[in-house]
Amino acid sequence: MEHSSSSSVSSLSLKLKPPPSLMTSNLNANSYWRKRKKGRNCLLQASAISYQKFIHFALIETKRHSLLLPSPLQERYGSMIALDGKTRLEMLSFEAPRIRLLRSISIEGEAMQVLDFAAFPKPEFDLPIFCGNFFTAANTNIVVLDLNPLHDVSSRRGYKERYYDSLMPLGLKYTELLPWGGKLTSESIKFFSPIVIWTKFSSSKSKHEVLYSAFMEYYKTWMELTEQAVEDTDPSQIRCNREAQHRYLTWRAEKDPGHGVLKRLIGEKLAKWH
């Protein structure tokens, strides 16, 4: 449990990249001040975004359906100020009767706003994993929102039919509002569902309202699936579900560019624990 949890907490986004430098050494004075002014505007745009209401909604919605209790990890991780003395990191960790781990890490600073939110069902259920990874820096937003399949939807048609066929209209609705973000590797695609939202967009109030709406609808859907799920009693199926979660977490840990962001903010030693 601790191994899976700690490796997952470090995953900020599938496509996280630090914002590019605003200056190069050969800039003349006028170019420097233009860049600096532009940079200030971008910082204001980034700092104006907050993902706290996403977290608040998810916790309230979970409490509507289930008893939500602090995970043992909550005592170990909390909040901290980054090495720059300005950026704030906050970690939350909970569990529920059907939820093995519900956890989030949020980063709030002038130049960057990040939310990595995930909910893992207990292995007695073959439910998808809820995943919301949002990264905002300057005027750029990178988003992955999904109900990640626990098992391969291409080879296990029954799994796809049970969890995704009825959700296709929901996915199509937001595909039109949040266009596809570009090519993904074949390795990544197998961890995504048919309703994944993978998008990039410039910051705007309307786009962030659409993203918040999508987050709410996807999370409500996941909670409804969790409430309706039938518990597995077959030890081999439970083991299969647990191994599938471990594969997902291993993939996230190995492919996570967000570790570099954490290392820059809180140092290499602490980044390894998150």
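Accessible areas were computed by the Shrake-Rupley method with a 1.4 Å probe, and for residues only the protein chains shown count as cover. On this basis the protein chain exposes about 13,800 Å², of which carbon and sulfur atoms supply 54%. The model is predicted: local features need pLDDT of at least 70, side-chain atom pairs count only at pLDDT 80 or more, and totals for chains, interfaces and linings use all residues. Residues are numbered from 1 along each chain as its sequence is written, and side-chain values use heavy atoms, with hydrogens and water left out.

Of the 274 residues of the protein chain, 49% are buried (under 20% relative accessible area; exposed is over 50%, with partly exposed in between; 1.4 Å probe, protein chains only).

Helix H9 spans residues 235-254; helices are DSSP runs of H or I with at least four residues, numbered from the N terminus. The buried residues of H9 are Ile-238, Asn-241, Ala-244, Gln-245, Tyr-248, Leu-249, Trp-251 and Arg-252. Seen down the axis of H9, these buried residues fall within an arc of 160°, so they line one face of the helix; the arc is that of the directions from the helix axis to the C-beta atoms. The face turned away from the buried side carries the exposed residues Pro-235 and Glu-254.

Within H9 lies Asn-241, with a relative accessible area of 0%. The side chain of Asn-241 makes a polar contact with that of His-151 at 2.9 Å (a pair of N or O atoms within 3.5 Å; within protein, one must be able to donate a hydrogen and the other to accept it, and residues adjacent in sequence count only if both atoms are side-chain atoms).

How values were computed: Helix = DSSP H or I, 4+ residues; strand = E, 2+ residues; numbered from the N terminus.
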